[in-house]
Amino acid sequence: MYHNAGSSAARQAVPATGSALVTSQAQNEALRTSVRGAYSAIAASPAAEHPIPVGRQLALGVGYPAERLARMPAVAVDAFAGVGAVSIFAQLPPGSRVLDLGCGAGLDSLIAAERVGAEGRVIGVDFSESMLARASEAAAEAGVGNLRLCLADSERLPLRNSSIDVALVNGIFNLNPRRQLLFQELGRVVREGGAVYAAELILREALSDAERGDEANWFA
Ligand SMILES: C[S@@+](CC[C@H](N)C(=O)[O-])C[C@H]1O[C@@H](n2cnc3c(N)ncnc32)[C@H](O)[C@@H]1O
């Protein structure tokens with residue numbers, strides 16, 4: 001968890017997340033297209049073969065309680081593609097304004113919407129239309145009235161400064177070579193004293209050049 005200390009220094013601070021990533025604009029765009037395609041394919045057909053594990057077994061494996069998953073719409077659980085049970089371990093006081101960054105099919109958004117109650121608000125942001133279509137279907141099925149879903153880039157959030165109490169981030173930093181922009185946006189939209197809860201894949205050792213150059217390693 002990261003608390004937003006509010007100072008300009010803290011707002012611009014970028015956690016040390018490994019070696020500097022130097023990628024060209026063209027590489028960034030190609031990678032974005034590839035990442036969006038990979039997650040859109042998961043949304044379109046979660047039961048098909050994918051480069052990453054997906055769905056209910058994954059969600060159980062990373063710590064979502066079985067009884068909670070049983071109450072959630074299958075359309076969200078089946079396409080779950082996160083790396084930790086962020087909406088379970090986060091502190092989400094009733095009435096909080098929550099951002100789910102890279103919300104995918106919406107499992108964390110739905111759980112957060114339930115936890116913050118009718119006085120709270122959740123906004124789920126993703127750049128995959130197919131993932132958001134699933135999340136909207138799930139929200140309609142669950143009958144939640146405090147969840148808004150938004151097609152947008154995490155690097156340019158359509159949110160006002162300091163408008164968020166708690167941000168949830170479930171496996172998106174590793175997908176973006178320009179992740180510094182994500183930290184900056186989080187620093188901008190999360191209010192002073194607010195919190196960011198993130199689950200992320202980490203490397204135990206450095207990748208070889210060949211592994212680093214393999215596009216699949218960006219989202220696998
Ligand atoms: C690892 S998945 C996690 C999805 C969801 N949080 C979950 O737990 O199932 C990452 C999600 O972030 C989205 N994403 C990746 N990069 C993004 C970006 N730059 N802007 C917006 N969404 C992004 C992908 O479309 C995908 O749905």
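Leaving aside its neighbours within four places in sequence, which residues is glycine 117 in contact with? They are Pro94 and Gly95. Contact here means that the C-beta atoms of two residues, placed from the backbone, lie within 7 Å. Glycine 117 and proline 94 are 23 residues apart in sequence, yet 5.6 Å apart in space, C-alpha to C-alpha. Glycine 117 sits in the loop between α7 and β3. It counts as partly exposed, because it has 13 C-beta neighbours inside 10 Å. On this scale a residue is buried if 20 or more other C-beta atoms lie within 10 Å of its own, exposed if 12 or fewer, and partly exposed in between, with C-beta atoms placed from the backbone.

The model is a predicted one: local features need pLDDT of at least 70, side-chain atom pairs count only at pLDDT 80 or more, and totals for chains, interfaces and linings use all residues. Residues are numbered from 1 along each chain as its sequence is written.

Now the overall picture. The protein has 10 helices and 6 strands. Both are DSSP runs numbered from the N terminus: helices are H or I with at least four residues, strands are E with at least two. Of the 220 residues, 40% count as buried. Take the contacts between residues at least 6 apart in sequence: 74% of these join residues at least 24 apart.

Start with strand β2, residues 97-101. Of its 5 residues, 5 are buried, so β2 is largely enclosed by the rest of the structure. Arg97, Leu99 and Leu101 point one way from the strand. Val98 and Asp100 point the other way.

Two strands pair if DSSP finds at least two bridges between them. β2 and β3 run parallel, joined by 5 bridges. Here arginine 97 stands opposite arginine 121 of β3. β2 and β5 (residues 164-170) are also parallel, over 4 bridges. Leucine 99 has alanine 167 of β5 as its bridge partner.

Follow the chain from β2. β2, α7 and β3 form a right-handed β-α-β unit. Right-handed means that, with the strands pointing away from the viewer, the path from the first strand over the helix to the second runs clockwise. Next comes the pairing of β3 (residues 121-126) with β4 (residues 147-151), parallel over 5 bridges. Within the pair, glycine 124 faces leucine 149 of β4.

The loop between β4 and β5 holds serine 162. Its phi is near 55 degrees, a positive value in a residue other than glycine. Serine 162 counts as partly exposed, because 15 C-beta neighbours lie inside 10 Å.

Alanine 167 stands opposite valine 196 of β6. β5, helix α9 (residues 179-189) and β6 make a right-handed β-α-β unit.

Turn to the helices. Two packed helices are described by the angle between their axes and the distance between the axes. α2 and α8 pack at about 35 degrees, with axes 7 Å apart. Axes are lines fitted to C-alpha atoms, for helices over the stretch in contact, and angles run from 0 to 180 degrees between N-to-C directions. α2 contributes Tyr39, Ser40, Ala43 and Ala44 to the contact, and α8 contributes Ser130, Met131 and Arg134. These residues divide into 4 nonpolar, 2 polar and 1 charged. Ala, Val, Leu, Ile, Met, Phe, Trp, Tyr, Cys and Pro count as nonpolar, Asp, Glu, Lys and Arg as charged, and the others, Gly among them, as polar.

Helix α2 also matters for the ligand shell. The ligand is surrounded by 24 residues, the closest being Gly82, Gly102, Gly104, Phe127 and Gly171. α2 (25-44) and α7 (107-116) each supply at least two residues of the shell. α2 gives the most, with 3 residues. By class, the shell has 11 nonpolar, 8 polar and 5 charged residues.

Glycine 84 lies in the loop between α5 (74-77) and α6 (86-89). Glycine 84 is buried, because 20 other C-beta atoms lie within 10 Å. Leaving aside neighbours within four places in sequence, glycine 84 is in contact with Val62, Gly63, Asn170 and Ala199.

Technical notes: Near = placed C-beta within 6 Å.
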